[in-house]
Amino acid sequence: MAHLVLSVKEKPDKVMCEVCNTEMYEKHCKLICPNCGFKWDCSDH
Ligand SMILES: [Zn+2]
């Protein structure tokens with residue numbers, strides 16, 4: 001069962017990596033996990 005944090009409309013202050021639960025950072029409309037390198041493309045903007 002997958003529950004995505006980004007499914008909410010308003011942008012949350014912090015997004016946790018769903019792989020390793022590390023706080024991700026945003027760069028060029030992408031969310032990147034500094035720990036495992038997991039990337040999240042926020043192309044729905
Ligand atoms: Zn991660």
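pLDDT is the predictor's confidence in each residue, on a scale from 0 to 100.

**View 1. Confidence across the predicted model.** This is a predicted model, in which local features need pLDDT of at least 70 and side-chain atom pairs count only at pLDDT 80 or more, while totals for chains, interfaces and linings use all residues. Residues are numbered from 1 along each chain as its sequence is written. The average pLDDT of the protein is 80, and 67% of the residues score at least 70. Confidence is highest in strand β3 (residues 30–32), with a mean of 92, and lowest in strand β4 (residues 39–41), with a mean of 88. Strands (E, at least two residues) are DSSP runs, numbered from the N terminus.

**View 2. The open sheet of 4 strands.** The strand order is β1-β2-β3-β4, and the pairing is antiparallel. The edge strands are β1 (15–16) and β4, each of which pairs on one side only. Two strands count as paired if DSSP finds at least two bridges between them. Such pairing runs through backbone hydrogen bonds.

**View 3. The hairpin of β1 and β2.** Strand β2 covers residues 23–27 and pairs with β1 in the antiparallel sense over 2 bridges. M16 has E23 in β2 as its bridge partner. Between the two strands lie 6 residues, and N21 in the turn has a positive phi of about 65°.

**View 4. The hairpin of β2 and β3.** These two strands are antiparallel and pair over 3 bridges. E26 is bridged to L31 in β3. The hairpin has 2 residues between its strands, and H28 takes a positive phi near 50°.
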